[in-house]
Amino acid sequence: MDIKEKMHGGELYLPNDEELLKEQFSYLDRLYDFNMTRPTQLEKRQEMLKDMFAEIGENCYIEPPLHTNFGGHHVHFGKNIYANFNLTLVDDTHIYVGDYTMFGPNVVVATAGHPILPELREQAYQYNAPVHIGKNCWIGAGVIIVPGITIGDNVVIGAGSVVTKDIPSNVVAVGNPCHVLREVNEHDRNYYFKNRKISL
């Protein structure tokens with residue numbers, strides 16, 4: 001089993017492999033260039049993201065700075081995704097995000113982990129597990145999503161939550177550890193924030 005198979009298969013591997021690092025740094029150079037673009041260079045950013053990401057749909061907007069381990073090379077975005085500043089994608093393996101999902105500032109989506117056994121950590125062993133985020137989700141500011149998590153469609157994750165277990169579709173989930181607070185319901189059809197009524 002080669003190092004790429006280990007990376008994407010959840011096996012333990014050593015990430016300081018010379019060829020792997022060479023490839024990784026080439027992706028990180030492109031990420032650096034993306035983060036140095038001017039606010040008015042929106043078309044340039046779009047073109048760069050198409051080159052950087054594994055997949056990215058139309059009308060996605062990512063506010064720099066963006067932080068990733070592999071420059072987005074293992075990131076799969078649908079269309080109409082919005083990410084506020086300081087999105088961190090630890091994309092040592094694949095991250096999948098559905099259409100119309102929104103990220104608040106300072107969100108972390110991590111696929112990489114390290115063994116609990118100290119002797120293995122001393123040798124810098126790592127394993128990866130993919131993350132799946134559904135369509136039309138709102139991931140609030142400062143949320144942390146750990147490796148191997150699946151979040152369903154139409155989910156709101158409250159600001160500051162730490163998502164350590166899978167979250168089903170059509171719910172509001174909050175806390176550390178993140179848990180389902182309630183389902184999206186009829187009240188949400190009438191009110192968009194506290195007692196403020198939807199009048200569109």
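A: Buried residues make up 39% of the chain's 200 residues. Buried means under 20% relative accessible area, exposed over 50%, and partly exposed in between, with a 1.4 Å probe and protein chains only. This is a predicted model: local features need pLDDT of at least 70, side-chain atom pairs count only at pLDDT 80 or more, and totals for chains, interfaces and linings use all residues. Residues are numbered from 1 along each chain as its sequence is written, and side-chain values use heavy atoms, with hydrogens and water left out.

Now the cysteines. A disulfide is a pair of cysteine sulfur atoms within 2.5 Å. The count by this rule is zero. Take Cys-60: its closest cysteine sulfur belongs to Cys-137, 14 Å away, and that is too far for a bond. Cys-137 is in no disulfide either. Its nearest cysteine sulfur is that of Cys-178, at 11 Å. Cys-60 has 1% relative accessibility, so it counts as buried. Cys-137 also has 1%, and therefore counts as buried.

The C-alpha atoms fill a box of roughly 60 × 45 × 20 Å along the principal axes. Contact means heavy atoms within 4.5 Å. Among contacts between residues at least 6 apart in sequence, 27% join residues at least 24 apart.
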